[in-house]
Amino acid sequence: MASYTIRKGLNIKLAGAPEAAITEAPEAATVAVLPAEFGPIKPRLDVQEGARVKRGQALFHDKKQPALRGVAPSAGVVKSIVYGPRRAIERIVIQIEGDEAESFPRLDPAAVKSMERRTLLELLQNTGLINLIRQRPFGRAANPEAAPKSLFVNGMATGPFQADINAIIKGRELAFQAGLDAMTRLTDGKVFLCLNGAVSNAAALAEAKNVEIHTFEGPHPSGNTSVHISRLDPMKPTDVIWTVKAVDLLQIGHLLLNGESPSHRVVALGGPAVKEGHRRYYRVRIGQSLASLVDGRLADGEVRVIRGDIFSGEKAGADDVVGLLDTSFTVLAEDRERHLLGWLMPGFSYFSVSRAFLSPWLGGLNKEWALGTNQHGELRPMVLTGLYDKYMPMNIMVDYLVRAVLANDTEEAIKLGILETLPEDYAVCAFACLSKMDLVGIIRKGLADIEKEGI
Amino acid sequence: MKKFLEKQMDKMRPLFLPGGKFERLYPLHEANETFLLTPAEVTHGPPHVRDQLDLKRTMIMVVLALIPATLFGIFNAGYQHNLNHGIANATFVQHMIQGALLCLPIIMTSYVVGGLWEVLFAIVRKHPINEGFLVSGLLFPLTLPPTIPLWQVAVGISFGIVIGKEIFGGTGFNVLNPALTSRAFLYFAYPAQISGDKVWASGPDGWTGATPLGLGMVAHQGETIIETLNNAGYTLKSMIIGLEPGSIGETSVIACAIGAAVLILSGVGSWRIMLSGVLGLIAGSYLMQLIGSPNLKPLVDLPFWYHMVIGSFAFGIVFMATDPVSAAATNAGKWIYGFLIGFLILVIRVANPAYPEAVMLAILFMNVMAPLVDHYVVQAHIKRRTRHVYA
């Protein structure tokens, strides 16, 4: 075990932190599964409208990897199958009825440790839970054909507001350890569990067995897996590493110990635009509509619901569901307010890391801010240089990597280390970017181009 | 007030949007609107929140940093004028008024003519009007003597904006510092009005006043260079204060130091470039003294602190060398870039028999070299990081 202190980065004290208490979300009448959650797969239906399905029963499978299945998160009747453009299956809606569950092998904790890798992978594929394990480079669902050189479990949450494992793990310690044990079966290399060194972690985390535990301390993105990999087991462009969130191991552990596909998960709901008293953790049905979770809990006016945290999450749509991969939702006010002569004002009331405003001189960075979504400026060409370096705690020259991607120079981008990162790692740099460049989008495009071309 | 403006803007905007009457003038409307009110644009994707700082504010910080140099320059131009015309007992206000009469037309010409080019290119190329112009438009006049003919100001800024910047694609894409490009153009196209010892202050016909660097071109029998300067009225103190003939903005080291403080404290200007520039100058000074060839100009004997206050070194290293677009972009590159600017300034100053001052040319030369410096820094970075990865 080693401790790492990360200095570069930024902590934003965003108002509206979720309270670490778990509440049951309102019961939903339907759940939906979206094949798009699995990434670029070709889904083939296994059920028809009107069919009765058990929880854990396959709804569709992938054409290329038939073992990979999308399963019903709750038992019931297939109410509708919605097609999107070009007849792609957009969602499969299930009317919840009863709680009959497909049964999978039920293991005792000791048996998990000696599971066959192939059996385990097949089980994860059959239940769709393999989607929780992500593969580097590119951050896709793990491919069972790949041989990861190590596996990283992320037990940290430095971005506001990622779901904190410490708030969720209570009472599910066995499932967590079973999940960890399962991970050790997936790689010939080490399994690293990375924890926040600045908080006191639950015993199940701090004293987890059969894995190598390391702690990281420092501002966001010190909790991002890319940072952990860079310190513990740096990647070559041809390396494959699997990563998983510690909270997601609870789902996998649940499957292994109970022999049942999970029906619920815990998500954090926070942000300045969530009404006070409603900012907390909710136990939700996987696949229940997002609206059923947030309705009545949001501030008045135009708000933006983000799937995930403010740095890496995507804007949620009106008819989105709480998916298998979701761990938190953050709600911000859409801030379209305009300021008179903003470029001239001293800036006491502006949140900025730049000393060109007065607020950071007066301790503004340590205050709590109810930030909105205003971009505070318009897109401009890259002008000031060296700004990004302060927020990139890895050996990456962000300016030049971005330029390489913009110039479509994938070879140079690989040399500069793009494959060791994910778009989320550039979010803090983008936050501070005064030219308002879409660094996250640029890196995402760069990675997509490389993935398409092949390394 | 704000509500009223918002309403007016909402009313006007459709005229400039596609299909509107003044569709082609959209950049002009956009510049005007965002000057008055910060934009209402919200983030499009992650990160969903953004820092308050934008390019407008950044550029305004540079303009703020230039204000002491500008005000002092105006005062000094008036002071020199009154001195040379024998107007005794002129008050501070009279100096300022006289200085404003001399300098404001130059500054306004630069802004108006440069602004027209900027707008024209924005409309034709359909890009927003860039705030960088606010800085170039002020930097350029501050590098000019107060006696410069206005038509030359117009020609110079046109060259700098069009050839130095816009043909590359506008701010952010230029290789050379536009303000220095303008000045270099004038220097080579119309040397009579921007060199010699007649132009550096407004005086009656036939007035001459050599600058310290001009005095240092040739040796004076029997006296050290410091004595030569002192005899001409240039002491270390006077050159720091800056009540002397020279280009409008560069004479006062104090004003430049205030500007440097604003740039460094606000994080807009690179302290690395400024510091390494000074180090380069010091290194150059000792090296040239060590060489000590008789072919060198007497200026070589000056200690480095004189070189720091003489001429436009302070102005150049604080405001010109730190232009982030034309400077080196990597941190290591910035150290090399700044150091070589300081070093080259000194070498040209003491070794080039034709040019008394070297700041402009040294910076322009390093502007050209900056991408090369960065290239090697990035290659070294790649080598290091791949070694670390492939270990």
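**Ground rules.** I took residues as numbered from 1 along each chain as its sequence is written, with chains lettered from A and ligands numbered from 1 in the order in which they are written. Since the model is predicted, local features need pLDDT of at least 70 and side-chain atom pairs count only at pLDDT 80 or more, while totals for chains, interfaces and linings use all residues.

**Entry 1: domains of chain A.** I looked up the domain assignment, whose bounds come from an automatic or database source, and for chain A it gives domain 1 (1–27 + 101–337), domain 2 (30–96) and domain 3 (375–453). The C-alpha centres of domain 1 and domain 3 of chain A lie 25 Å apart. Their contact takes 19 residues from domain 1 and 17 residues from domain 3, where two residues are in contact if their C-beta atoms, placed from the backbone, lie within 7 Å.

**Entry 2: the seven-stranded sheet.** I traced an open sheet of 7 strands in chain A, in the order E1-E14-E13-E12-E15-E10-E11, with mixed pairing. Strands (E, at least two residues) and helices (H or I, at least four) are DSSP runs, numbered from the N terminus, and two strands pair if DSSP finds at least two bridges between them. The edge strands are E1 (3–5) and E11 (140–141) of chain A, each of which pairs on one side only.

**Entry 3: strand E13 of chain A.** How many residues of strand E13 (residues 191–196) of chain A are buried? I found that 6 of the 6 are buried, so the strand is largely enclosed by the rest of the structure; buried means that 20 or more other C-beta atoms lie within 10 Å of a residue's own, exposed means 12 or fewer, and partly exposed is in between, with C-beta atoms placed from the backbone. In a regular strand the side chains alternate between the two faces of the sheet. In E13(A), A:Val191, A:Leu193 and A:Leu195 are buried on one side, and A:Phe192, A:Cys194 and A:Asn196 are buried on the other. Strand E12 (residues 150–155) of chain A pairs with E13(A) in the parallel sense over 5 bridges, and A:Phe152 has A:Phe192 as its bridge partner in E13(A). E13(A) also pairs with strand E14 (residues 212–217) of chain A, in the parallel sense over 5 bridges, and there A:Asn196 has A:Phe216 as its bridge partner.

**Entry 4: A:Gly128.** I located A:Gly128 in the loop between helix H2 (117–126) and strand E10 (134–136) of chain A. Is A:Gly128 buried or exposed? A:Gly128 counts as buried because it has 26 C-beta neighbours inside 10 Å. Leaving aside neighbours within four places in sequence, A:Gly128 is in contact with A:Arg69, A:Gly70, A:Val71 and A:Leu324.

**Entry 5: helices of chain B.** I found helix H5 (residues 132–142) of chain B mostly covered, with 11 of its 11 residues buried. What covers the buried residues of H5(B) includes H3, H4, H6, H7 (178–189) and H14 (313–320) of chain B. Of these, I looked up how helix H4 (residues 92–125) and helix H6 (residues 150–162) of chain B pack, which is at an angle of about 35°, with their axes 9 Å apart. The contact residues include B:Pro105, B:Ile106 and B:Trp117 of H4(B), and B:Leu150, B:Val153 and B:Ile161 of H6(B).

**Entry 6: chain B against chain A.** The contact between the chains takes 51 residues from chain B and 63 residues from chain A. H16(B) gives the most to the side of chain B that touches chain A, with 8 residues.

Terms used:
Axes fitted to C-alpha atoms, helices over the stretch in contact; angles between N-to-C directions.
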